[in-house]
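Student: I have a structure to read. Please show me how to go about it.

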Amino acid sequence: MNVRRWSALTKRELLKISRNPAAIVTSLMLPILYLVLFGQGFSGFTSQLNSLAPSQRAAELGTLVLGAPDYYSYFAAGMVGFVGVTATLFVGANVIFDKLFGTLKRTAATPATATDIFGARLVAGSVQPVALAFLVLGLAILLGHLGLSGLNITASVGVVGAAEVVVAILILSLMFASLFLALGFTIEQPQTYFAVVNAINLPVLLTSAALYPWGSMPSWLQSVASYNPVTLAVEVIRINFFGDTFYPHPAWFYLLGLIGWAVGMFAIATLLVQRALAPKT
Amino acid sequence: MPDAIVAESLSKTFNGSVKAVDQVSFTVREGEIYGFLGPNGAGKTTTLSMLTAVLGPSGGRATVDGVDVLRHPHELKQRIGLVFQESTADQDLTGRENLELAAALFGVPLRETPARVDELLHRLALADSAERLVKTYSGGMRRRLELAVGIIHSPRVLFLDEPTLGLDPQGRAGFWQVITQLRKDTGMTVFLTTHYLEEADGMCDRIAIIDHGKIVATGTPSELKDRLGGDVVTVRPLGKADALEPALKALPGVNSVAVQDGSFRVKCPSGDVLIPKIVGTATSLGISLAGVSLRRPSLDEVFLEFTGREYREDEGPSATDRAVFMTRFQNARRGRR
């Protein structure tokens with residue numbers, strides 16, 4: 001990879017993102033609606049446990065939301081996984097529009113390699129979901145201070161813990177950006193792309209522990225969710241925010257699983273992008 | 001003069017059976033403007049795409065500036081400039097940002113980039129709109145920006161794919177003025193595809209006419225026109241006129257007579273001298289004429305000669321557009337001298 005080409009292409013992508021305020025507002029709307037409406041609507045889910053004795057309540061919360069102080073806190077950490085998926089899907093759509101407008105053809109006619117082009121879009125495409133993830137966490141904490149249900153971090157997050165959270169968010173965004181970029185480079189029509197993306201992101205989110213309380217999931221869904229990359233990422237966050245008492249493994253174990261997913265997806269995406277940008281035979 | 005482009009039996013087949021380009025061979029000399037002329041779907045863009053490593057050939061080989069296009073596509077892209085027929089600049093970036101991006105991708109040294117970008121913006125009359133987003137540019141400005149992006153790295157060979165498609169006559173004349181000057185300044189080789197006959201005639205040192213994926217004629221514009229054997233007089237009789245053909249052939253100064261759609265195409269060195277004789281001959285035979293027209297040798301005639309059909313009007317600009325373009329182009333040339 002050529003650093004100058006890669007950084008020039010990354011700058012281009014970031015300039016394009018910054019010049020599209022409508023897309024920024026739209027991408028903000030979905031997580032805000034979930035935090036303010038969906039999360040608040042379900043925030044009473046664990047309030048019935050308030051009448052229990054503290055030890056009994058802690059045990060129940062451990063089973064139901066894996067040691068989080070309430071459902072909203074559990075959900076708010078899960079929302080990071082949610083935005084990791086939903087905010088990256090536009091990176092692939094942008095590739096398709098660049099194909100339709102001829103911009104990608106122009107870039108492919110230069111000495112820029114597939115790695116330069118893919119690498120730039122991958123990094124630029126991960127900036128938005130990473131920023132959005134931290135915004136979600138910040139807003140969730142703020143809501144708690146405004147008299148609404150909010151994110152209540154009960155564990156003390158040290159430097160290593162904070163680093164694990166940041167790395168989990170980053171790796172999750174890179175993994176899904178790789179997936180959606182591979183689709184964008186492979187698919188020609190926007191309508192096909194969005195149909196495929198919907199067929200992927202809903203099952204991925206609905207088979208993860210991002211939004212469901214763990215204890216309310218049937219065992220078969222828990223088994224499926226255990227391997228889901230979204231679950232792996234939010235488990236790293238939840239362990240660091242609420243403690244690891246109710247988890248069978250430490251945070252780094254889930255982080256390794258997530259890295260494995262990301263490396264696999266990156267390798268597949270690299271191959272597909274190289275094939276898409278090679279001279280047509 | 002060494003060859004800048006060498007194509008040997010270059011072929012492209014789509015879906016296993018559709019031959020878009022069929023065993024095409026030609027050479028382009030260094031510093032030449034070489035035109036690839038033909039109707040839509042003739043194989044012009046497919047040939048250009050193979051020469052620029054956008055498309056892999058199904059057969060044959062080609063070198064551009066000594067680089068094998070199939071084996072070393074990356075090295076090739078460093079040496080060539082490519083101007084597509086559609087606008088490919090990023091519309092969400094300014095003109096300057098597009099050029100800076102292209103400079104980085106082509107490896108123009110960082111220290112030289114600002115001066116090179118400014119030079120091109122001035123040369124292509126884009127300096128005043130350099131900080132505007134490309135989405136606000138007119139068609140002519142976008143074409144000029146495409147050219148600037150294509151030459152940012154001072155390529156040794158420039159490929160132009162229908163570069164003036166959709167431009168008004170003034171825009172086209174201005175575009176070619178820049179190309180002519182660039183060639184003069186840098187000695188760059190230019191490979192051009194076009195279906196504007198008068199562009200090929202006025203701009204190219206040599207031309208290849210391609211039809212149905214095969215090259216049917218090559219040469220300088222004047223060589224090709226000379227092959228027609230001079231002027232063409234078309235005689236349209238009223239009704240049946242079988243006796244006219246041998247009579248026309250017998251006239252002094254007539255090179256050949258061909259019958260086409262009930263008309264006679266008479267080739268001769270000097271049509272204006274021959275027309276009174278043709279009219280006299282027809283009158284003496286009692287044949288009434290619906291019309292007689294004289295066409296000086298032109299690429300339209302060359303095209304008809306080598307492909308067997310008229311150059312279709314919908315494949316080129318209107319006659320008015322062509323006349324306006326040629327007048328402005330010639331004026332621009334005169335003005336430079």
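Tutor: Start with one strand pair. Strand β3 (residues 33–37) of chain B runs parallel to strand β9 (residues 206–211) of chain B, and four bridges join them. Strands here are DSSP runs of E, at least two residues, and helices are runs of H or I, at least four residues, numbered from the N terminus. Two strands pair if DSSP finds at least two bridges between them.

Student: Before going on, what kind of model is this?

Tutor: It is a predicted model, where local features need pLDDT of at least 70, side-chain atom pairs count only at pLDDT 80 or more, and totals for chains, interfaces and linings use all residues. Residues are numbered from 1 along each chain as its sequence is written, while chains are lettered from A and ligands numbered from 1 in the order in which they are written.

Student: What holds strands of a sheet together?

Tutor: Strands pair through backbone hydrogen bonds, either parallel or antiparallel. In this pair, F36(B) stands opposite A208(B) in β9(B).

Student: What is the order of the strands in the open sheet?

Tutor: The six strands of chain B run β6-β7-β8-β3-β9-β10, with mixed pairing. At the edges are β6 (80–83) and β10 (214–219) of chain B, each pairing on one side only.

Student: How many helices and strands does chain A have?

Tutor: Chain A has 12 helices and zero strands.
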